[in-house]
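Colleague: Before I build anything on this model, I would like to go through its side-chain contacts and its overall form with you.

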Amino acid sequence: QVQLVESGGGLVQPGGSLRLSCVASGSILSINDMGWYRQAPGKERELVAAITSGGSRNYADSVKARFTISRDGAKNTVYLQMNSLKPEDTAVYYCNAAVLAIPLGWSNYWGQGTQVTVSS
């Protein structure tokens, strides 16, 4: 069984910063793409940022130049550094990963989500 556990969410003022972390655990053989998604109340879940196993990064236009995604392969961990936060960044942030694990093979996994609230 593979689990993704996020941490680092919270309440921050506009212009502030937060760093989210997501650790994958279980019978993991390999991890391919990892990413962060978010879902605000009344809206669909959207991709925020993604990173391949080779380090290529992709960002939503709304967060470019403010957010940075990174990963530590040895720790099966993906991070999201969020700077210059805006009220419209308020959402539940979910970690996602494509994982090769015993005995299921390749599967897509989601974390439970962590709340980010940007408000004065």
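Colleague: How many salt bridges does a search of the whole structure find?

Modeller: This is a predicted model, in which local features need pLDDT of at least 70 and side-chain atom pairs count only at pLDDT 80 or more, while totals for chains, interfaces and linings use all residues. Residues are numbered from 1 along each chain as its sequence is written, and side-chain values use heavy atoms, with hydrogens and water left out. With a salt bridge taken as a side-chain nitrogen of Lys or Arg within 4 Å of a carboxyl oxygen of Asp or Glu, the number found in the whole structure is four.

Colleague: Which parts does the salt bridge between arginine 38 and aspartate 89 tie together, and how far apart are they in sequence?

Modeller: The closest N and O atoms of arginine 38 and aspartate 89 are 3.0 Å apart. Strands here are DSSP runs (E, at least two residues), numbered from the N terminus, and helices are runs of H or I with at least four residues. Arginine 38 belongs to strand β4 (residues 28-39) and aspartate 89 to the loop between β8 (77-82) and β9 (91-101), so the bridge ties together parts whose separation in sequence is 51 residues.

Colleague: Are arginine 38 and aspartate 89 buried or exposed?

Modeller: Buried means under 20% relative accessible area, exposed means over 50%, and partly exposed lies in between, with a 1.4 Å probe and protein chains only. Arginine 38 has a relative accessible area of 6%, and aspartate 89 has 1%. By that cut-off arginine 38 is buried, and aspartate 89 likewise counts as buried.

Colleague: Which residues are linked with aspartate 89 in a network of salt bridges?

Modeller: Aspartate 89 also meets the side chain of arginine 66 in a salt bridge, at 2.8 Å from N to O. Arginine 66 lies in the loop between β6 (57-59) and β7 (67-72), so its pairing with aspartate 89, in the loop between β8 and β9, ties together parts 23 residues apart in sequence. Both aspartate 89 and arginine 66 are buried. In the network, aspartate 89 is linked with Arg38, Glu46 and Arg66.

Colleague: Is lysine 64, the salt-bridge partner of aspartate 61, buried or partly exposed?

Modeller: The closest N and O atoms of aspartate 61 and lysine 64 are 3.1 Å apart. Aspartate 61 is exposed, at a relative accessible area of 65%. Lysine 64, with 47% relative accessibility, counts as partly exposed.

Colleague: How many strands does the protein have?

Modeller: From the N terminus on, the elements run β-β-β-β-β-β-β-β-β-β-β. The protein has zero helices, and its strands number 11.

Colleague: What radius of gyration does the protein have beside that of a compact globule?

Modeller: The radius is taken over C-alpha atoms, and the globule rule is 2.2 Å times the number of residues to the power 0.38. Along its principal axes the C-alpha trace spans about 45 × 25 × 25 Å. For 120 residues a compact globule would have a radius near 14 Å, and the protein agrees with this at 14 Å.

Colleague: Where is the residue that has a positive phi near 75° although it is not a glycine?

Modeller: That residue is alanine 65, with phi near 75°. At 88% relative accessibility, alanine 65 counts as exposed. Its place is the loop between β6 and β7.

Colleague: Which residue has a positive phi of about 50° without being a glycine?

Modeller: The residue lies in the loop between β8 and β9, and it counts as partly exposed at 41% relative accessibility. The residue with this phi of about 50° is serine 84.
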